[in-house]
Amino acid sequence: MIEFLAGAVTLAYLIAAGFFLRYWRKTGVRLFLAFAAAFILFALNQFLSAALVVISEPNSLIYVLRVLGFVMIIAAVIDKNLQRPTGAS
């Protein structure tokens, strides 16, 4: 049952990444690209932790993928907030 749920969570991460990629293609906003990449890292983290049967995730190197995903999201939000508005006076 745990393997099934891990697979479902991995698939949900990949679906979310697909949505963000679609929004990025439509708008060209880098924030959506960063979210898509972060969700791909989350999916990879989930898949590897299930495939390698990691007992304590914070003590494994796989946890770095999740941390990188969150750092990527934080950096993208900061970048988006620091951008100057275009076309506004």
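Modeller: Happy to! A salt bridge is a side-chain nitrogen of Lys or Arg within 4 Å of a carboxyl oxygen of Asp or Glu. By this rule, the count comes to one salt bridge. This is a predicted model, where local features need pLDDT of at least 70 and side-chain atom pairs count only at pLDDT 80 or more, while totals for chains, interfaces and linings use all residues. Residues are numbered from 1 along each chain as its sequence is written, and side-chain values use heavy atoms, with hydrogens and water left out.

The partners are D79 and R30, whose closest N and O atoms are 2.8 Å apart. D79 sits in helix α3 and R30 in helix α2, so the pair links distant parts of the chain, 49 residues apart (helices, H or I, of at least four residues, and strands, E, of at least two, are DSSP runs numbered from the N terminus). D79 has a relative accessible area of 30% and R30 one of 48%, so both are partly exposed (buried means under 20%, exposed over 50%, partly exposed in between, with a 1.4 Å probe and protein chains only). In general, side chains of opposite charge can pair when their charged atoms come close.

Ten residues make it up, including L31 and I73, and α2 gives the most, with six.

Key:
Core = buried A, V, L, I, M, F, W, Y, C linked by side-chain atoms within 4.5 Å.
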